[in-house]
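Dear colleague,

I am handing over a structure to you with this email, and I would ask you to open it before reading on. My notes on what was found in it follow below.

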Amino acid sequence: MKLSNYFLPTLKETPADAEMESHKLMLKAGLIRKVTAGVYDYLPLGFKVLKKIEEVVREEMNNAGAQEIKLPIIQPAKLWKESGRWDDFGPEMFKLADRKEREFALGPTHEEIITDLVRNELNSYKDLPLVLFQINDKYRDEIRPRHGVMRSREFLMKDAYSFHSTQESLDKTYERMYDAYARVFDRLGLDWVAVEAPTGLMGGSYSQEFMALADEGGEEIVVCDDCDYSSNIEIARYEVSSEYSENSPAELKEVETPGMETVEEVANHLGIPSQKVVKTFIYRTDDGLVAALVGGDDDIEEMKLINHLGTKKAEMVSSQADIKAITGANFGSIGPIGLKDDIPVYADLDLKSLTNFTVGANKNGFHLTNVNWDRDIEDVKFINLRKVREGDRCPECGSELDFHKCIEVGQIFQLGTKYSDSLDGEYQDRDGNLNPYIMGCYGIGISRLIPAVIQQKYDSKGINWTGAVSPFSAALIVLGSEGEESFRLGEALYKELKELDYEVLVDDREVSPGFKFNDADLIGAPIKIIIGPRGLESGVLEVESRSGDKEELNLENKDVKQIAEKLGERISALG
């Protein structure tokens with residue numbers, strides 16, 4: 001491709017609304033342009049990279065035995081209502097109606113559509129297992145689109161779905177998909193880790209996320225370097241503490257804490273460690289109110305509560321009027337003892353060994369001290385509830401956990417029978433009995449992989465592509481003026497390199513050498529081949545790798561084909 005004819009509008013200045021380096025570079029290097037919040041045009045260079053990533057993913061899906069299909073983006077509301085997710089998905093779903101007022105959605109995901117397809121076409125155990133995949137656009141009305149295509153309203157995704165008659169069959173396919181994902185991310189040159197993850201709105205019994213490590217990533221994970229444990233921070237487990245354990249329960253007392261609403265104020269007033277002041281939160285769930293307890297220095301992780309309860313949502317009661325109606329007190333004085341309506345109590349595992357601790361008395365300006373489990377709070381359920389924090393230790397081996405920022409690039413799920421149950425997706429077994437399909441789901445964010453690769457590999461010059469993603473094998477930079485020998489040789493070499501199947505971008509523009517060099521580095525050319533009048537006078541071409549290594553190619557042999565073959569060897573070696 002000749003740059004004089006290529007639509008590549010690079011920018012010198014960093015766009016004001018871009019924060020992450022990947023977003024800045026995708027705009028500066030002419031990969032994308034913003035249409036509106038969360039919606040982007042892909043320009044030729046960006047689209048070329050997108051297609052390269054897409055092909056890597058497609059190859060590995062084919063190798064893993066998945067069959068490619070294409071499902072509709074417009075999905076009828078009746079299927080989502082049948083599965084029970086029409087209301088559950090919330091405002092992120094784009095909803096619309098046709099001229100006959102029938103309701104539809106722009107597909108944020110395709111579990112309903114694929115289950116509907118399979119239930120109408122597949123009815124025998126002989127047809128199982130089956131794995132289908134697509135590479136298609138998805139639409140979600142993000143409340144805060146940010147970081148360019150990292151979190152956008154329209155995005156390209158690979159989603160695969162598997163159908164099975166046994167859990168053992170699902171386990172095998174799940175493992176095969178995990179291995180395929182590992183190959184994809186390795187081929188793209190990513191530094192990645194797979195972690196335990198919440199199943200969220202997709203549902204199911206087990207899930208893992210694939211995370212690309214990145215200092216500016218929007219997700220956080222914990223990893224143990226001494227064993228295989230790793231997890232999304234939302235569900236991360238930790239070694240349970242017993243730091244404040246005491247043997248003798250003291251007498252329960254009600255004490256005045258006038259005007260004290262914070263843990264720090266109460267702890268200082270009573271002369272106790274803040275961790276011995278237990279905080280109480282009240283949540284509304286699909287099944288009613290629950291109380292959730294964590295230590296005074298800790299924060300609650302709502303996803304852990306949601307996962308444990310198996311509820312679709314858990315919303316903290318945040319209105320002072322509502323909390324007073326429920327507990328009889330304002331926020332600073334609420335506690336788990338004497339709650340109305342038999343509200344169930346869930347406490348963080350770290351609190352289980354705690355004795356003689358303090359809670360709100362459900363009476364404004366008062367707390368209860370010397371509280372103890374069993375004696376004072378009956379039927380409490382201890383669960384992993386608090387947010388994991390720096391210094392926490394691995395629940396498997398006891399080593400200190402490491403925290404990492406990252407970018408989620410894929411997620412796989414064991415869905416079980418969640419969708420086949422709700423959508424009546426059944427097959428007939430050997431004995432003629434009907435059974436629901438056991439399902440798996442496997443997603444990769446194709447468009448998100450572009451900023452993920454950039455974010456890990458960029459340098460002070462610009463983008464630094466890995467081999468499988470690089471849109472061009474090399475930049476052929478021609479210096480001088482049109483009609484000079486350098487331009488004639490550049491044209492000839494370009495044709496020969498194309499014949500050898502190298503994708504070369506020829507910078508034949510009439511701009512300064514510095515401008516050409518800077519653009520080549522900005523867009524991430526792995527190799528620069530420089531042809532200029534001075535070099536030709538000396539009988540050499542200059543070849544420079546992205547890392548800055550330089551060498552000269554002697555032009556004593558004027559045969560263009562041989563020169564192109566030698567350049568091809570350099571491209572293969574350096575790229």
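**The second largest pocket and its surroundings**

The residues that line the second largest pocket divide into 5 nonpolar, 6 polar and 7 charged, where Ala, Val, Leu, Ile, Met, Phe, Trp, Tyr, Cys and Pro count as nonpolar, Asp, Glu, Lys and Arg as charged, and the others, Gly among them, as polar. Please keep in mind that this is a predicted model, in which local features need pLDDT of at least 70 and side-chain atom pairs count only at pLDDT 80 or more, while totals for chains, interfaces and linings use all residues. Residues are numbered from 1 along each chain as its sequence is written, and side-chain values use heavy atoms, with hydrogens and water left out.

About 300 Å³ of space lies in this pocket, and of its 18 lining residues the closest to the centre are L11, K12, K28, K461 and L522. (A pocket is an open set of points on a 1 Å grid over the protein atoms alone, where a 1.4 Å probe fits, with protein on both sides within 12 Å along at least five of seven lines; lining residues have an atom within 4 Å of a point.) The helices α1 (21-28) and α12 (513-522) each supply at least two residues of the lining, and α12 gives the largest share, 5 residues. Helices here are DSSP runs of H or I with at least four residues, and strands are runs of E with at least two, numbered from the N terminus.

The domain assignment, which is automatic or taken from a database, gives domain 1 (3-237 + 403-454), domain 2 (253-383) and domain 3 (472-574). The lining of the second largest pocket draws at least three residues from each of domain 1 and domain 3, whereas the centres of domain 2 and domain 3, taken over C-alpha atoms, are separated by 69 Å.

Elsewhere, 3 strands form an open antiparallel sheet in the order β4-β6-β5, with β4 (74-76) and β5 (94-97) as the edge strands, each pairing on one side only. Two strands pair if DSSP finds at least two bridges between them; β5 and β6 (residues 103-106) are joined by 4 bridges, and the bridge partner of L96 is F104 in β6.

For the protein as a whole, the secondary structure comes to 14 helices and 29 strands, and 52% of the 575 residues count as buried, that is, under 20% relative accessible area with a 1.4 Å probe and protein chains only.

With best wishes

Terms used: Grid points are joined across faces, edges and corners, and a volume is the space filled by probe spheres set on the points. Buried means under 20% relative accessible area, exposed over 50%, partly exposed in between (1.4 Å probe, protein chains only).
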